[in-house]
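Student: I am new to this structure. Could you show me how to read its pockets, cavities and surface?

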Amino acid sequence: MTRTANSRIKARLEEVLASGQKGLIAYITAGDPDLKTTVELAVAMAEAGTDVLELGVPFSDPVADGPTIQAASQRALAGGTTVQGIIEAVQAIRSRSDVPLVLMTYYNPVLQYGPAKFAAGLARAGGDGLIVPDLPPEESDELLKALDKNGLDLIPLVTPNTPPGRLQMIAARARGFIYCVSVTGVTGERENILTDLSAMTGAVRQYSELPVAVGFGISGPEQAVKVARHCDAVVVGSALVNIVSRRAGSAGLVNEVCEKVKELKQALAGPEVN
Amino acid sequence: MTLALPDDRGYYGRFGGKFVPETLMPALEELIEAYEQVSKDSAFQEEYRYYLANYVGRPSPLYFARGLTESLGGASIYLKREDLNHTGAHKINNTIGQVLLARRMGKKRIIAETGAGQHGVATATVAAMFGLECAVYMGEEDIKRQSLNVFRMKLLGAEVVPVASGSKTLKDAMNEAMRDWVTNIATSYYLIGSVAGPHPYPMIVRDFQRVIGDEARRQILEQAGRLPDCVVACVGGGSNAMGMFYPFIGDREVRLVGVEAAGHGLETGLHAATLSKGKPGVLHGSLSYLLQDGDGQVVPVHSISAGLDYPGVGPEHSYLKESGRAEYVSATDREALDAFKLLCRTEGIIPALESAHALAAAVRLARELPGENVIIVNLSGRGDKDVHTVAAEMGVSLND
């Protein structure tokens, strides 16, 4: 756990909390519609108030994702997006912004690139961590070691059906923050979140002092505020990816995404989040 | 050697494991526990055997294919007649076992993926028998080429859910089935049809399919008075092959030959020969050989047979390959079609195109081996479902 003390992600989220706000973790798929746009978007989103930026590495078979991110992944792959290209994009973003930056990737692209090489490359580029939705703690020893060695966080997911025993095991290996999945299901915008978030994040806090984020299904400011009352940060993904999809190729793309980010951040900075 | 695998982490050597979203981990633990209980429960095993005997029609015959053997003039070929099972393929051995397990676990809804539709039909069949709700995910591409099986599933009361993502074939159907399972984890049982997926599925499916090899081993000793020199089976995900191979693993003198789909040819890139041309990677919950590009993206595959049109393979096959205990060869679309026609003419049996791949490799082996050699081919399914595909290949229209 020693290296978590140096986590840029954790430090940023704690700083936000200390100012009485809740954190905004914003997701877009890297390479959708192309990596040049991804870099522009990322830098602008950071300026618009994103506290932690999450970049999705597209994968051909994203089993944890709903239709929105599936389609974004296919667009990115069709455009020739590669792992190497994404690491270079991270470097380009880092040269212009100090926003904490996390990659969300399925395990196979990391495995083929080589976990050690991936960790070293991402660290050199200025990345801060990884979220790997199909890599439970039972399988993550090799990657965790490689990331620890390079000062990067492996951020775990917990779900509404994670029993206390697993929660404890997951928390013990967690770095950066703990990502609570709001529903048993895949990513995507949802009208309502029925999970008892207060019980869920409360249980997580019994085992960990890391910031606790909630994601999956959160799209608008009102929903973000409701969710934020029970956690330290909210993750918004599909709602932003839908804008990228709708506005791809148009001059207004970056602006429209940033308007949404500002709207969300403003809501999370208000008094009703606490 | 292999009989003690998988280990307690679900690994066969360096292959296998549980690479799934966290939501599924408690469900896999629950399944491991439930399966461990029924493995030791004689009432469960008796119930399973009861349905195999009285519903599926087991044991399936081991038939000496005299006409085929004489036409080739080499080793003797015996056919394990899984095509004679209820629903027309080996798939039902597994669906019977797993549906009984699902009932024990109190699940009311069954999810399945299907490629050729044989596993979908076998799942819809047992769901109908036990009055369970059933959703079968099937790629749009496969729905087009297997309309007969789609209609059979609907007759049996299953909902066939078309999958339009990715390559619109078996792998995408499996992605979508996993998404359904993640979403409906509390009520639904995911009935995987191959020795693929996360632990414990490769083990469960193998155990429910090993009846093929257990019977064949006993039958060949009775009929030929000796063990075979080779057993041959086709490999997509690899369930019929695993079921056939497993009881022979300890018989070191028996060659185990898996036959993958070479499609238009291994050199064309249009094939589904995962063990021949792939490298280890993670797809659908396990680490195993995988057809992928240098960036770890799963690549499109091709086979004339929808049941072999899959870029992955069960982890135990990867282990058998690397340990050298089994050998994996391939047969092209053309070779499979030739073997399909040969069996029709020499034996009066119309085989599934999947099984025709095993036959094609057996034909090559029989010609190479001396007459006293014995080959068992797993005839995993019957070919009624494939007559439209074969007719199209022969330039015959069936719609006039």
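**Reading the spaces and the surface**

Tutor: Start with the lining of the largest pocket: H2(B) gives the most to it, with five residues. Helices and strands here are DSSP runs (helices H or I, at least four residues; strands E, at least two), numbered from the N terminus. This is a predicted model, where local features need pLDDT of at least 70, side-chain atom pairs count only at pLDDT 80 or more, and totals for chains, interfaces and linings use all residues. Residues are numbered from 1 along each chain as its sequence is written, chains are lettered from A and ligands numbered from 1 in the order in which they are written, and side-chain values use heavy atoms, with hydrogens and water left out.

Student: How much space lies in the largest pocket?

Tutor: First, the idea. On a 1 Å grid over the protein atoms alone, a pocket is an open set of points with protein on both sides within 12 Å along at least five of seven lines; a cavity is a set where a 1.4 Å probe fits but cannot get out; lining residues have an atom within 4 Å of a point. Points are joined across faces, edges and corners, and the volume is the space filled by probe spheres set on them. Here, the largest pocket holds about 270 Å³. It is lined by 15 residues, and among the closest to its centre are B:Tyr48 and B:Asp207. Helices H1 (24-39), H2 (42-56), H9 (201-209) and H10 (211-224) of chain B each supply at least two lining residues.

Student: How many cavities are there of 30 Å³ or more?

Tutor: The count is ten. The largest cavity has a volume of about 370 Å³. Of its 31 lining residues, those closest to the centre include B:His90 and B:Glu354. Strand E5 (109-114) and helix H15 (353-368) of chain B are among the elements that give two or more residues to this lining.

Student: Is B:Val396 buried, partly exposed or exposed?

Tutor: Buried means under 20% relative accessible area, exposed over 50%, partly exposed in between (1.4 Å probe, protein chains only). B:Val396 counts as partly exposed because its relative accessibility is 42%. B:Val396 is in the segment after helix H16 (387-393) of chain B.

Student: And A:Ala30, buried or exposed?

Tutor: A:Ala30 has a relative accessible area of 1%, so it is buried. A:Ala30 sits in the loop between strand E1 (23-29) and helix H2 (35-47) of chain A. Its C-alpha atom is 9.4 Å from that of A:Thr82, 52 residues apart along the chain.
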